[in-house]
Amino acid sequence: AQSVTQLDSQVSVSEGVPVLLRCNYSSSFPPTLFWYVQYPNQGLQLLLKYTSGTTLVKGINGFEAEFKKSETSFHLTKASAHVSDAAEYFCAVNDTVPETAEQLNTNLLRY
């Protein structure tokens, strides 16, 4: 069985500070992991994908995620948040349908 658990329902940060969006996974075999983003009034967009090899994956807009097998985690980070990052973020594993992944963040940045 495969699943992901997103540990925060909503995260509010100030502009310019680091962002951490947590995701833990469960998989009975080596996983392929994804982070998606959905900006207001837009469709899902792939932020980044881990398959194998280098555990630190760099994505678009300055986001990155690190695959940590020992912690079964794939947390998304960004060094400096921007107001344009306000969106919903979804973590998915293997053939998990992103639309069914648990919602992580709404209004990531608030003033």
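Guide: Start with exposure. Buried means under 20% relative accessible area, exposed means over 50%, and partly exposed is in between. Note also that the model is predicted.

Visitor: Why is E64 called partly exposed?

Guide: E64 has a relative accessible area of 23%.

Visitor: What makes K58 exposed?

Guide: The relative accessibility of K58 is 63%. The exposed class is over 50%, so K58 counts as exposed.

Visitor: How do you know that E64 forms a salt bridge with K58?

Guide: The closest N and O atoms of E64 and K58 are 2.9 Å apart. The cut-off is 4 Å, from a Lys or Arg side-chain nitrogen to an Asp or Glu carboxyl oxygen. The pair therefore counts as a salt bridge.

Visitor: How many salt bridges does the structure hold?

Guide: There are two. In one of them, the side chains of D85 and K78 meet at 2.9 Å, N to O.

Visitor: Why is D85 called buried?

Guide: D85 has a relative accessible area of 2%. Buried means under 20%, so D85 is buried. K78 is buried as well.

Visitor: Where does D85 lie?

Guide: D85 is in the loop between β8 (73-78) and β9 (88-93). From F63, D85 is 22 residues away in sequence and 9.9 Å away in space, C-alpha to C-alpha.

Visitor: Now the rings. What makes the pair of F34 and Y36 stacked?

Guide: The count of aromatic pairs is five. For F34 and Y36, the ring centres are 5.9 Å apart and the planes stand at 25°. A pair needs centres within 6.5 Å, and stacked needs planes under 30 degrees apart. F34 and Y36 meet both limits, so the pair is stacked. Both F34 and Y36 are buried.

Visitor: Why are Y50 and F67 also called stacked?

Guide: Y50 and F67 lie 4.3 Å centre to centre, with 15° between the planes. The limits are 6.5 Å and 30 degrees. Y50 and F67 are therefore a stacked pair.

Visitor: Which parts does this pair tie together?

Guide: Y50 lies in strand β5 (residues 44-50) and F67 in strand β7 (residues 63-68), so the pair links parts that are 17 residues apart in sequence. Y50 and F67 also belong to one aromatic cluster with Y25 and F74.

Visitor: What makes Y50 and F67 buried?

Guide: Y50 has 7% relative accessibility. F67 has a relative accessible area of 10%. The limit is under 20%, so Y50 counts as buried, and so does F67.

Visitor: What makes the phi of T72 stand out?

Guide: Most residues other than glycine have a negative phi. T72 is not a glycine, yet its phi is positive, about 45°. T72 is placed in the loop between β7 and β8. At a relative accessible area of 33%, T72 is partly exposed.

Visitor: Which other residue has a positive phi although it is not a glycine?

Guide: N41 has one, of about 60°. N41 sits in the loop between β4 (33-38) and β5. Its relative accessible area is 84%, so N41 is exposed.

Visitor: How do you know that N24 has a polar contact with T72?

Guide: A polar atom of the N24 side chain lies 3.1 Å from the backbone oxygen of T72. The distance limit is 3.5 Å. N24 is in strand β3 (residues 23-26). Beyond four places in sequence, N24 touches several residues, including S3, L7, T72 and H75.

Visitor: Where is L7, and what makes it partly exposed?

Guide: L7 is in the loop between β1 (3-6) and β2 (19-21). L7 has a relative accessible area of 39%, so it is partly exposed.

Visitor: How many helices and strands does the chain have?

Guide: The chain has zero helices and nine strands. Buried residues are 41% of its 111 residues.

Visitor: What is the mean pLDDT of the chain?

Guide: The mean is 84, and 84% of the residues reach 70 or more. Over residues 96-111, the pLDDT is below 50.

Definitions and conventions: Residues numbered from 1 in each chain as written. Predicted model: local features only at pLDDT ≥ 70, side-chain atom pairs only at ≥ 80, totals over all residues. Heavy atoms only, no water. Helix = DSSP H or I, 4+ residues; strand = E, 2+ residues; numbered from the N terminus. Buried < 20%, exposed > 50% of the residue type's maximum accessible area, 1.4 Å probe, protein only. Polar contact = N/O pair within 3.5 Å; in protein donor to acceptor, adjacent residues only side chain to side chain. Contact = heavy atoms within 4.5 Å. Phe/Tyr/Trp six-rings, centres within 6.5 Å; stacked < 30°, edge-to-face > 60°. pLDDT = per-residue confidence, 0-100.
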